[in-house]
Amino acid sequence: MTELSAVVRFVQVVAAVLLNGSFAFNLLIARPAVEEADIGVGGRDILNLRFHRQIIVWSIFVLGMAAILGLCIQVVNVSDSTAQTFFDRLDPVSLLTDTQFGKVWLGRMVLLSLLPALLFHAEINRIKYDSFFVLAGGFGLSTCLLISISLSGHAATAEGAALAMQISADALHLLASGIWLGGLVPLAVLLRECNRDHDITALAVAREATRRFSRIGALSVAVLILTGAYNAWNLVGGFVALLGTRYGNLLFLKIALLIPLLGVAAVNLLRLKPKVVEAPPMQPQQAAGRLKQLTRNVIIEALLGLFILLIVGHMNVTPPARHVQPDWPLSVRWDWSLLDKAPKARTEVERGLVWATVGAVALFAGLMRRRRRIVMMVIGLGALGYGGDAVHTAVSIDAYPTTYKRPSVLYHAISVANGKGLYEENGCVACHGAFGYGDGPAAQELNPKAADLTAPHVNAHTAGDLFWWLSYGVKQSSAMPGFGASLSEEERWDLINYLRALSSGERARALASIIDDNPWLVAPDFAYGTNAGEPKTLRDHRGAKIILLVMLNLQDTEERLKQLDAVMPQLKSSGVEIIIVPNLIDQLYVTDKLPGAIVSEGGREITETYKLFARSFNDENPVLNTPHVDYLIDKQGYIRARWLAAENDAWRKSELLMAQVDLLRKEKPRAPAPDEHVH
């Protein structure tokens, strides 16, 4: 059914483009060209109005048939029916009045019915087909019909201001396609008619039509490129999706066809068009030969455009790349962060850039001079290839089909806590150790050694890399097995979230009670209930409040609660939300204290997650020993400072705590809000 939908969409787009292009060509190009040449349409019809009338009639007919077939396909898709039960489940009234598709379909049918009404009115009133009334009316109606396609495409799935922007861009893209691609067929017909008898007057019409079409075509191509780039950014988003999704592959193929199409158009514009326009009027044979070449190239343009529209038809029924998990097709990817971590890689990249520069200079020199052009071109291409290979080799690392896979599980305290349990239950401790240092009981016998999961390299790999290793193992030479058969996809993402938090926790050793100027440590979201009976999440406060997250232990509970009670009015007036997570043993003791601030539900997951960020250079094992720790989380969602009660008395003094709060309150956002998923 998807392939049938793509074919129907292709036929619909081709007919709409051809209809719009025929009206636009006759209104904006052919009619003014005839007037400019100051000739009448007598004897043989130079404009071949009969052919254009047939294009319009057949386009209207095909659009009507495609609309009916498209409606049938939509009914089958929506009702999940088969061809046998189609008529039993058909409910056209609700489909046409209660859905976006139905409303757009009705609007298109109204426009489609107005076009034959316009032609019939002109016929009974004996209004000439090439009159301004018929051409302007037809162009307006066909334009509305063409751009209405955007209302039932991917552009219509956005909301708010983005909806208006995307539909406008898509509408302009369609209109430019109609004027340019749709005008190629009538242009080829006109050039052939003008070139039939080598008549000087007819050749004058061809020259003027060529000049006018070149101007309008160049403008249309500029609009196509700009709106196409905007649409591609919205629907694809990047190079990964371009190569790793079906929609991206179709777009890549579309671009691959567009390049030769633009090449042929450039030859027509820059080479053949000047020769046709500047041909001596008294040498019709010479002008006729050039006109024949131009006609041939216009037909090639039209054929390439037809293949592009076939791809567009398939793109319209394919989910946009932004909404699909990419499947990376290559065994390597580029990692530019290697330039900061590996001096040798930086040296190789610099060497490659030097050779690439030499190659570019050689190519430019070869283009600018005729002598030894081939030699210079070969040298230039060789140097460019060598330099490109050097850069590619320096920044390339292994990649997998899931390298750019987006996590399906949020970076949430529940997920991290579940991941910790899975880490302990599935034998990870045996090799990687209880705290992830790669020092488990079985680690001594391994070659290569078990990875240190707290090292920075864990966060340097994409989440998709980790997912692949957890699913299928690392390498054949490694003892790391795959867990794809024993762990569900959600469980594997839980493990990855735990590993991310574990690695971040090692770097968090450097956090102090003074605000870190560089926001980097993402605070995992969590859901909690307070002792006032309020259900909340950490994310609820993002963009509005600074968070003071307090994790109590048995020794300091009573004293710290008194300190917080004393400073609470100042914190509240500074826009600080206080979240106090008690030790499980103290839960009943503190439940009636500081109403609205004490966590009564969700404390276990919060503790299991946030104690990973409580590692210090003095206490190696906070995973076992839950220390008293306070975190300041900025409005964006980053942990910016941390106070460990065992290290100093800094935040016991309210003025020191408030000084850090004031810094956060006054600063402008230093980084974008973190994503809900790890990367």
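This section describes the overall dimensions, the strand pairing and the cysteines of a predicted model.

The secondary structure of the protein amounts to 23 helices and 10 strands. Its radius of gyration is 34 Å, well over the 26 Å that the globule rule gives for 679 residues, so the protein is more spread out than a compact globule. Along the principal axes, the C-alpha atoms fill a box of roughly 105 × 70 × 55 Å. Of the 679 residues in the protein, 48% are buried. With regard to contacts between residues at least 6 apart in sequence, 74% join residues at least 24 apart.

An open sheet is formed by three strands in the order β5-β4-β8, with antiparallel pairing. The edge strands of this sheet are β5, which covers residues 535–537, and β8, which covers residues 599–601; each of them pairs on one side only. Neighbouring strands of the sheet are turned against each other by 55 degrees on average, with direction ignored.

Strand β4 spans residues 527–530 and is joined to β8 by two bridges, the two strands running antiparallel. The partner of T530 in β8 is V599, while G529 stands opposite E601 of β8. The pairing of β4 with β5 is likewise described as antiparallel and extends over three bridges. Here G529 is placed opposite P535 in β5. Strands β4 and β5 form a hairpin in which four residues lie between them. Within the turn of this hairpin, G533 has a positive phi of about 80 degrees.

A parallel pairing is found between β6 and β7. Strand β6, residues 546–551, pairs with β7 in the parallel sense over six bridges. In this pairing, the bridge partner of I546 is V576 in β7. Strand β7 comprises residues 576–581, and six of its six residues are buried, so the strand is largely enclosed by the rest of the structure. In a regular strand, side chains alternate between the two faces of the sheet. In β7, V576, I578 and I580 point one way, whereas E577, I579 and V581 point the other way. The residues of both sets are buried, E577 among them. V576 therefore belongs to a strand largely enclosed by the rest of the structure, and is also the bridge partner of I546.

The structure holds zero disulfides. C428 takes part in no disulfide, and the nearest cysteine sulfur, that of C431, lies 8.5 Å away. Likewise, C431 is in no disulfide, its nearest cysteine sulfur being that of C428 at 8.5 Å. A disulfide requires a pair of cysteine sulfur atoms within 2.5 Å. The two cysteines are also described by their accessibility. C428 counts as buried because its relative accessibility is 11%, and C431 counts as partly exposed because its relative accessibility is 22%. The cut-off that separates these two classes is 20% relative accessible area.

Conventions
Residues are numbered from 1 along each chain as its sequence is written. Side-chain values use heavy atoms; hydrogens and water are left out. Buried means under 20% relative accessible area, exposed over 50%, partly exposed in between (1.4 Å probe, protein chains only). Two strands pair if DSSP finds at least two bridges between them. Axes are lines fitted to C-alpha atoms, for helices over the stretch in contact, and angles run from 0 to 180 degrees between N-to-C directions. The radius of gyration is taken over C-alpha atoms; the globule rule is 2.2 Å times the number of residues to the power 0.38. Contact means heavy atoms within 4.5 Å.
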